[in-house]
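Me: I am new to this structure and would like to go through it in questions and answers. Please show it to me before we start.

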Amino acid sequence: MDPVEDLEGRMCMKHNKLLELFCKTDQMCVCGLCSVLEHKTHDVVPLREESEGKKAKLRKTEADIQQMIQERRLKIEEVRRSVELSKKDADRETADGVQVFRALKASVERSQTEFMETITEKQRKTEKQAEGFIKELEQEISELTQRSTEVEQLSQSEDHLLLLQSFPSMNAAPPTKDWTEVSVRPPSYEGTVRRALNELEETLSEQMKKLFEAKLKRVQQYAADVTLDPDTANPWLILSDDGKQVYTSDVKKNLPDNPERFNTCVNVLAKQSFSSGRFYFEVQVKGKTDWDVGVARESINRKGQITVSPQKGYWTIWLRNENEYEALANPSVCLSLKSRPEKVGVFVDYEEGLVSFYDVDAAALLYSFTGCCFTEKLYPYFSPCPNDKGKISAPLIISAVSHAE
């Protein structure tokens, strides 16, 4: 390189002196004469000293970028695992459905095809979504890798002026997407077969029972450890020490009327809340003539008389007068049950907007709220109902969920 060209950009244009100092005050390279004249009162240090400081910062930037790369690689693995789980769900659902459809005559072949297509389409959409995420992640890894290489090269450069001039543009990682909350959620197949077999329930009662047994086992895998929250319990309620049982007393306790507490209706919520994913719990209702079980959103009204409906933030079923079962939709739906449930299972798929109720012992679906739009935390909800002079004193019991793998 020509010596004159080599000095280009390294000489002070005002004093024709070599730029060998750095003014921290004005963030610029200066010559010795500049430091005496224009920058006399400023914080001026040798160029090498400032360069070494910038190198240290670049090494930190490089480490941060490497961390970002690692996080995205881990996200790719998470996405791939989600697809694998989704595929297993699809395979299980397909196997259950095929077993049912093999019992049908040729006249229901069309129903079998629709069933398979529904599952395949949901799985295809899941895989397509995952492929999109992976493609974006790999593109960001490529860009981050390129920037990492550039930063590494610059951080090792002995060309101090070049380093200082390039530092502002190289010190920050390129803009990337925040992947923290991004995930691939396996689709829900709840109700897929039931919709396909509505017209065949009488002739397929045995097959449908087997199918719901499989479905119940599947949702039981999302069992949550639920305990009652004494801060929400109506003063007429008695909770067990382990928070698993509740019944209505004849004596009202003297409790503070905090905002969380139901002060009129004999209701109680769980301590646990859910704002995503799927969860399941079971409640023993044996021996009771009246009860409410379901879920409620966080912002429900807890004071005075309460109307229980989805519009008011409740998704529940109840029993009244020993044999009057209703799903408290709008309007309410009377449930014609073949047997009295002794244990009720509640399954929620938050993103799918689904709340399903099961008779656990009969492995039968009691009712499903579908197309719900959840935007708040959901809490398991219970009411053992007024005691009625001891006639319905049996407790509601949150049961441990037992299921076969």
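Me: Is Tyr 222 buried, partly exposed or exposed?

Reply: The model is a predicted one. Tyr 222 has a relative accessible area of 28%. Buried would need under 20% and exposed over 50%, so Tyr 222 is partly exposed.

Me: What is the geometry of the ring pair of Tyr 222 and Phe 347?

Reply: The ring centres of Tyr 222 and Phe 347 are 6.0 Å apart. Pairing asks for centres within 6.5 Å. The planes stand at 45 degrees, so the pair is tilted.

Me: How many residues apart are Tyr 222 and Phe 347 in the chain?

Reply: Tyr 222 is found in the loop between α7 (205-220) and β4 (237-239). Phe 347 belongs to strand β12 (residues 343-349). The pair thus links distant parts of the chain, and the separation is 125 residues.

Me: Is Phe 347 buried or exposed?

Reply: The relative accessibility of Phe 347 is 3%. The limit for this class is under 20%, so Phe 347 counts as buried.

Me: Which residue of β13 stands opposite Phe 347?

Reply: Strand β12 pairs with strand β13 (residues 354-359) in the antiparallel sense, over six bridges. Within this pairing, Val 348 has Val 355 as its bridge partner. Opposite Phe 347 stands Ser 356.

Me: Which residue in the turn between β13 and β14 has a positive phi?

Reply: β13 and β14 pair in the antiparallel sense over five bridges, and Tyr 358 has Leu 365 of β14 as its bridge partner. The two strands form a hairpin with four residues between them. The residue in this turn with a positive phi, of about 50 degrees, is Ala 363.

Me: In the six-stranded sheet, which residue of β15 is the bridge partner of Ala 296?

Reply: The order in this open, antiparallel sheet is β6-β15-β8-β9-β10-β11. Its edge strands are β6 (268-269) and β11 (333-335). Strand β8 (residues 291-297) pairs with β15 over six bridges in the antiparallel sense. The partner of Ala 296 in β15 is Tyr 379.

Me: How far apart in space are Gly 371 and Leu 47?

Reply: Gly 371 lies in the loop between β14 and β15 (378-383). With 69% relative accessibility, Gly 371 counts as exposed. In sequence, Gly 371 and Leu 47 are 324 residues apart. From C-alpha to C-alpha, the distance is 66 Å.

Me: How many aromatic pairs are there, and what kind is the pair of Phe 133 and Trp 179?

Reply: Counting ring centres within 6.5 Å gives 10 aromatic pairs. The rings of Phe 133 and Trp 179 have centres 5.9 Å apart and planes at 85 degrees, so this pair is edge-to-face.

Me: How many residues apart in sequence are the parts tied together by Phe 133 and Trp 179?

Reply: Phe 133 and Trp 179 are both buried. Phe 133 lies in helix α4 (residues 109-155), and Trp 179 in the loop between α5 (160-170) and α6 (192-196), so the pair ties together parts whose separation in sequence is 46 residues.

Me: Which residue lies over the face of Trp 179?

Reply: A charged end can sit over a ring, as that of Lys 54 does over Phe 167, 5.4 Å from the ring centre. For Trp 179 the distance from the ring centre is 4.6 Å, and the residue is Lys 177.

Me: Which element gives the largest share of the lining of the second largest pocket?

Reply: The second largest pocket has a volume of about 670 Å³. Its lining has 28 residues, and Tyr 222 is among those nearest its centre. α3 (47-101), α4 and α7 each supply at least two lining residues. The largest share, six residues, comes from α3.

Methods
Residues are numbered from 1 along each chain as its sequence is written. This is a predicted model: local features need pLDDT of at least 70, side-chain atom pairs count only at pLDDT 80 or more; totals for chains, interfaces and linings use all residues. Side-chain values use heavy atoms; hydrogens and water are left out. Rings of Phe, Tyr and Trp (its six-membered ring) pair if their centres lie within 6.5 Å; planes under 30 degrees apart count as stacked, over 60 as edge-to-face and the rest as tilted. Buried means under 20% relative accessible area, exposed over 50%, partly exposed in between (1.4 Å probe, protein chains only). A charge sits over a ring if NZ of Lys or CZ of Arg is within 6 Å of the ring centre and within 35 degrees of the ring normal. Two strands pair if DSSP finds at least two bridges between them. On a 1 Å grid over the protein atoms alone, a cavity is a set of points where a 1.4 Å probe fits but cannot get out, and a pocket is an open set with protein on both sides within 12 Å along at least five of seven lines; lining residues have an atom within 4 Å of a point. Grid points are joined across faces, edges and corners, and a volume is the space filled by probe spheres set on the points.
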